[in-house]
Each structure stands twice: as structure tokens, then as C-alpha cells.
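Please work through the exercises below with the sequence and the 3D structure in view, trying each task before reading its solution.

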Amino acid sequence: DDYHVYALDGVVLVDGNPCLHMNVYSVDVELGTNKIAGEYFVTSDRSHIYRRNAETGAVEEVAG
């Protein structure tokens, strides 16, 4: 309930892996607004999750 996840259209290649592109937003219930919490890429078999660094634009695998 604290986050909203929105899948974006299309497939993105990350390290040669086709990935679903998703934006995750934190929810501020009092203000009724969303704030971007992260931009993620997930492989179709869910074996890899990547996150885009908002400051540098670099995409890095999330340790799991």
C-alpha cells in the first residue's frame, strides 16, 4: 500500500536480457501524491532485477 508500480509499454534490453520496464512510486497519503522511488527493469524469468541510477542514468543489477 506504500508504493504504486506502473509497467511501461515495450521491452528494454539490459545486458542483452529483454526486460519489463517499471516505475515505482511512493505514496504520500496525506497529500494524495506520488513520488518516484525508482526505475526498475525485470527479466521475464525474474532472474535479474536492474535499477536505473537517477543521478547518473547508469543501470545496475540489484543484489538479491
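**Exercise 1: strands and hairpins**

Task: Work out which residue of the hairpin of E2 and E3 takes a positive phi near 70°, and how many bridges join strand E2 to strand E3.

Solution. This is a predicted model, in which local features need pLDDT of at least 70, side-chain atom pairs count only at pLDDT 80 or more, and totals for chains, interfaces and linings use all residues. Residues are numbered from 1 along each chain as its sequence is written, and side-chain values use heavy atoms, with hydrogens and water left out.

Strands are DSSP runs (E, at least two residues) numbered from the N terminus, and two of them pair if DSSP finds at least two bridges between them. Strand E2 (residues 17–28) and strand E3 (residues 33–43) run antiparallel and are joined by ten bridges, with Ile 36 in E3 as the bridge partner of Tyr 25. Four residues lie between these strands in their hairpin, where the residue with the positive phi near 70° is Gly 32.

**Exercise 2: a charged pair**

Task: Find which residue forms a salt bridge with Glu 39.

Solution. A salt bridge requires a side-chain nitrogen of Lys or Arg within 4 Å of a carboxyl oxygen of Asp or Glu. The partner of Glu 39 is Arg 52, their closest N and O atoms being 3.2 Å apart. The pair links distant parts of the chain, since Glu 39 belongs to strand E3 and Arg 52 to strand E4, 13 residues apart. With partly exposed meaning a relative accessible area between the buried limit (under 20%) and the exposed limit (over 50%), using a 1.4 Å probe and protein chains only, Glu 39 is partly exposed at 21%, and Arg 52 is partly exposed at 31%.
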